[in-house]
Amino acid sequence: MAGVASSSRQRSKIAPYLMILPGLAYLGLFFVVPFISLARTSLSSSGGSVFMPTLTFSWDFGNYADAFSAYTDQIIRSFSYAFAATLICLVLAFPLAYVIAFKAGRYKNLLLGLVILPFFVTFLIRTIAWKTILADDGWVVDLFGSIGLLPSEGRLLSTSWAVIGGLAYNWIIFMILPLYVSLEKIDPRLLEASKDLYSTNRRTFTKVIVPLALPGVLAGSMLVFIPSVGDFINAEYLGSTQTTMIGNVIQQQFLVVKDYPAAAALSMLLMGLILVGVLMYTKALGTEDLV
């Protein structure tokens, strides 16, 4: 009996590792291996022709310095656009998530469905639709011109505002849902207790609701900011040559110029900058409730 019990305990110890083995294998095959390949490419030297490029691994760290110096403007622009889009998403999503969590009642599922419904359409089609909406001969430009928000020769398409607006629209769902989850977890009795203690609505919001919603703010901000930095679709269809983002540069270097070391170095540099930014942001807000 003792041997059976010992064998059972041993199997119970091994079982968790066996359960996570498929996940580890998936991450290793589709994340670790490509990451190592990308890092190796970023430290290689290119040769051959445009049609048949060759790579030689040579620990060429100069690729990083060249990439950063050549595309500093695009890197700064990408982070600026992503930050603006994240801020817009937060301002728009918080009231909506609050209403769904606390005021929607029996219509809560309906409102959530309406929020998710547009995103059943593919990312590319939604972006091209905004290109049509913001066109110079579209109704939005006519409306803004008629109320004086645009000059007579003004335009929305091919501007930085169009790119930021496209980023905010395409990623706002990833701000709404985490905020909704955090707000719904708030015990209504805390709000009632705040009112019983003669707290104003504003003070209840800043001292009770906002601190308890910070995990949703943190998660939503990262889910919007990270893909926005590397996005190239919105800048391609809604912007111009003056609004090029680093994702457009990486795409062009990989697929058109075929300068793979430069493209890989830009990709690694972008991942490093995003990682530093995320670590600073999570440290500032705290991540205890997300663990």
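1. Contact here means heavy atoms within 4.5 Å. Leaving aside neighbours within four places in sequence, Ile250 is in contact with Ala263, Leu266, Ser267 and Leu270. Ile250 counts as buried because its relative accessible area is 11%, where buried means under 20% relative accessible area (1.4 Å probe, protein chains only).

2. A word on the model before you go on: it is predicted, so local features need pLDDT of at least 70 and side-chain atom pairs count only at pLDDT 80 or more, while totals for chains, interfaces and linings use all residues. Residues are numbered from 1 along each chain as its sequence is written, and side-chain values use heavy atoms, with hydrogens and water left out.

3. Now the largest nonpolar core, which has 31 residues. A nonpolar core is a set of buried Ala, Val, Leu, Ile, Met, Phe, Trp, Tyr and Cys residues joined through side-chain atoms within 4.5 Å. Phe94, Leu167, Leu179 and Leu183 have the most contacts inside this core. Two or more of its residues come from each of helix 3 (72-103), helix 4 (108-116), helix 7 (160-171), helix 8 (173-184) and helix 10 (201-230). Helix 3 gives the most, with eight residues. Apart from this core lies another, of 14 residues, among them Ile75, Phe225, Ala265 and Leu269.

4. Have a look at helix 8 next. Its buried residues are Ile173, Met175, Ile176, Pro178, Leu179, Tyr180, Ser182 and Leu183. Helix 3, helix 4, helix 7 and helix 10 are among the elements that cover them.

5. Which residues does Thr86 touch, leaving aside neighbours within four places in sequence? They are Met175, Ser221, Val224 and Phe225. Thr86 sits in helix 3 and counts as buried, at 10% relative accessibility.

Key:
Buried means under 20% relative accessible area, exposed over 50%, partly exposed in between (1.4 Å probe, protein chains only). Helices (H or I, at least four residues) and strands (E, at least two) are DSSP runs, numbered from the N terminus.
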